[in-house]
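Work through the exercises below with the sequence and the structure side by side, and try each task before you read its solution.

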Amino acid sequence: MIYAIMDIGSNTVRLSVYKQVEDKAIHLFSEKEQASLRNYVKKGNLTEKGIDRLIATLRRFNSIISNFDDIDSIHPFATATIRDVANRSEILRRVKDELGLEIEILSGEDEARLSFIGASKSVDVSEGILTDIGGGSSEVVIIDQGKVIKSTSLSIGSLSAFNDYVTGLFTNKKEKKAIDNAVKLLLAENKMYREKQNNLAAVGGSARASLKFYNEYYKLSNYNSTMEAKKFNKMVKEILEMDDREVLDRILEIKPDRVHTLIPGMVILNRLAKYFYVNEINISQTGVREGYVYSKLLERK
């Protein structure tokens, strides 16, 4: 069986195709579109322009899929932005009417659980903290003995933090403090109490981009997947001291599609590492999409 997964996030919409080989999901290829749907939310609704952007992106993905006769099924799902807007039902109806796709809305709890399942395929998540920093929300999971003890979805992500707290192109010290305080407040409101954890596993585009910047910053191998929390914190502080041109040049060299969201994502990840007193941040190359395949497709076979 070959499955096409469409992951509709607040910042990025991704198409990932997997082949089932016995009890494993083998990743074949991916496409992505920086749709930035969160930017099209006005007065609690996704605007007409935002809906058109979503439909155009999914239509392009459908066109790619149509070139492959072997793909057995298509599974679109959406997270924070579509989940939270008031006109969600209209969006789902229009996508179904125009493209024949039925979008599944993942709850924050589902997203956190699937991120845990997906991350477990590439990093050790037997204990500690797992986070998936998306564009509009950040999932945080406490794990012990390989089981989810507690999970929550924080209503802040790399794109929403940029939109809500950053006035220029790059985050300054005052804005970093505001993002830090917002994350701490949301953790407290969701009863995620401070306690020391051995490590933090992070999944998603913000985490992978942070790792790529970290490896380049400290001249480490591209294959390195672990960041020392103290060195990551030091790097974030030093980035905030740079002039805008230097920051721009560095991000354009490493991850140009995240020029405005990379630093807010780093700030959220850094705050979570400090909140739970972790020493290491391990970056997973697998996450919610792999979790969806293993939990919702392979398991039921």
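This is a predicted model: local features need pLDDT of at least 70, side-chain atom pairs count only at pLDDT 80 or more; totals for chains, interfaces and linings use all residues.

Residues are numbered from 1 along each chain as its sequence is written, and side-chain values use heavy atoms, with hydrogens and water left out.

**Exercise 1.** Find in which order the five strands of the open sheet lie, and what packs on the sheet.

*Solution.* Begin with the terms: helices (H or I, at least four residues) and strands (E, at least two) are DSSP runs numbered from the N terminus, and two strands pair if DSSP finds at least two bridges between them. Next, strand 1 (residues 2-8) pairs with strand 2 (residues 13-21) in the antiparallel sense over seven bridges, and alanine 4 stands opposite valine 17 in strand 2.

**Exercise 2.** Describe how helix 8 (residues 229-241) and helix 10 (residues 262-275) meet.

*Solution.* First, their axes (lines fitted to C-alpha atoms over the stretch in contact, with angles from 0 to 180 degrees between N-to-C directions) come within 10 Å and cross at roughly 140°. Then look at the contact (heavy atoms within 4.5 Å), where residues including Phe232 and Val236 in helix 8 meet residues including Val267 and Leu269 in helix 10. Finally, to complete Exercise 1, helix 11 (residues 288-298) packs on the sheet.
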